[in-house]
Amino acid sequence: MYAIVTLSSVTSAKRVERALIDIGISCRTMHTPKIISQYGCSHSVRVSEKDTDKVLKLCREIGVKVRGVFVEKNLGKGKTEYEKIN
Amino acid sequence: MKKSTEKIIYFDNSATTFIKPETVYDKIVDVMKYAGGNAGRGGHKLAQKASDVIYDAREKVCSLLKVSSPENICFVNNATTGLNFVIKGILKENDHVIISPYEHNSVLRPVHKLSEKGVSYTVAECDGDGNYEDIEKHIKPDTKLIVASHICNVNGRVSDVEKIGKIAKKYGIFFLIDGSQSAGHIKTDVENLDADAFVCSGHKGLFGPQGTGVMYLSEKIKADTLIEGGSGSSSEILAQPEYLPDRFESGTLNAPGIGGLAQGIQFVLDTGAENIHLYEKRLADYMIHELKKIKNVTLYTKNANSGVVAFNIGDNDSVEMSNFLSEKYNVMVRGGLHCSLLSHKTQNTVEKGCIRASLSCFNTKNEVEKFLNIIDTMRV
């Protein structure tokens, strides 16, 4: 399963993405789904759920503010649900 | 556009660098053709590619300016915009600002405009040797900002920004460096220079295309905005974002231009700013040394500290001389006041301006020799 770590700007998202890749964590940046995007628009990093703690630790270390963490649940037929875990 | 077959000598790199590394041209086209989405807007693959182009460029700027966080780098469309953002974003009514006597109009004009709204300013005075950096005597309780051009765009004088930075830090005053003439030419380690803000053109020493510029803001600066708009983030909030770089990057960024700028910066990083500086200084040194031998030439650049050399030929109008050099000899220099009234006041050339030859690392000794021969024939 995947976790979506929501951030603010695309710059922060790219920064986290590059830093995660540097430490061997697979990820990609994405435009945050509207339903979980605080304040309307934001950018996120999508990682494997098991890597969530590592991502949060890295964000703290590099000073990037995390808005929220959501687990992505694929309900089939193109529908996705998001559960806030942080 | 038809390619010109005329051979030119381009000595106007302080206005804009004309010869760029090939990678710069290639990247601009590459971005337009293959990464042409709108960076930070939407999440589709082309938008992500454009975002990657912009982020790569931010990282390269960080390497060049020795800045630790890419978020503190904002792209602007030229240095004038960045300088206006900082100056007008920080200064409020009853604040005081100190500026150097070598400032471009992109600093003097916004400061002057603010003086109509209750901001006061002091132009630091020079001693007999043209030094002004002992600025403590100008500091007042309401001094909020000090602005200094790193290299004067008229005569190439290099300001001791390290000294000014220490003074600003001692008094808790914000320090803005205009690095338009220094970025790419000399080392610019902004955090070590105690600069709270650093602005530069992308299209001069960094070899990017026109329409690009860089503004570094430290975390200490909380500047007001002049432009508000879409930032690709926090769209439900009416106020402009507080966080950088979005706060100062409303609207679509010039991704092709910034991509090209990134390649220009890479060229500077690969070549080494110190090496570029040494090369330009050597060429300028040779030019100055030979110009001194030509009768009727008055030099305003006494020593080569950069690639900029300012001079006049007799009592001739500097603009007429520059036009003549272009029309008859295909030599590109700039005459007049170089949008820098203060610099000309400081060197006493307001009336006729001066001729400025500004070199880049793509100029050659052969070109300088040809130029000197031409000046020698014009001296009469």
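A residue is called buried when its relative accessible area is under 20%, exposed when over 50%, and partly exposed in between (1.4 Å probe, protein chains only). The exercises below concern a predicted model, in which local features need pLDDT of at least 70 and side-chain atom pairs count only at pLDDT 80 or more, while totals for chains, interfaces and linings use all residues. Residues are numbered from 1 along each chain as its sequence is written, chains are lettered from A and ligands numbered from 1 in the order in which they are written, and side-chain values use heavy atoms, without hydrogens and water.

**Exercise 1. Cysteines**

Determine whether B:Cys354 is buried or exposed, and how many disulfides the whole structure holds.

Solution.
1. B:Cys354 has a relative accessible area of 0% and is therefore buried.
2. A disulfide is a covalent bond between the sulfur atoms of two cysteines; the criterion here is a pair of cysteine sulfur atoms within 2.5 Å.
3. The closest cysteine sulfur to that of B:Cys354 belongs to B:Cys152 and lies 8.8 Å away, too far for a bond.
4. The search over all chains finds 0 disulfides. A:Cys59 is likewise in none, the nearest cysteine sulfur, that of A:Cys27, being 10 Å away.
5. With 1% relative accessibility, A:Cys59 also counts as buried.

**Exercise 2. A sheet in chain B**

State the strand order of the open sheet of 3 strands in chain B, and explain which strands stand at its edges.

Solution.
1. Strands (E, at least two residues) and helices (H or I, at least four) are DSSP runs, numbered from the N terminus; two strands pair if DSSP finds at least two bridges between them.
2. The order is β9-β10-β12, with antiparallel pairing.
3. β9 (297-299) and β12 (355-358) of chain B each have a single partner strand, so they are the edges, and one side of each lacks a neighbour in the sheet.
4. β9(B) is joined to β10(B), residues 308-313, by 3 bridges; B:Val297 has B:Ile313 as its bridge partner.
5. β10(B) and β12(B) pair over 4 bridges, and B:Phe311 stands opposite B:Ile355.
6. Both faces of β12(B) are covered: B:Ile355 and B:Ala357 are buried on one side, B:Arg356 and B:Ser358 on the other.

**Exercise 3. The interface**

Find how many salt bridges cross the interface of chain A and chain B.

Solution.
1. A salt bridge requires a side-chain nitrogen of Lys or Arg within 4 Å of a carboxyl oxygen of Asp or Glu.
2. By this rule, 6 salt bridges are found across the interface.
3. One of the salt bridges links A:Arg18 to B:Asp52, with the closest N and O atoms 3.3 Å apart.
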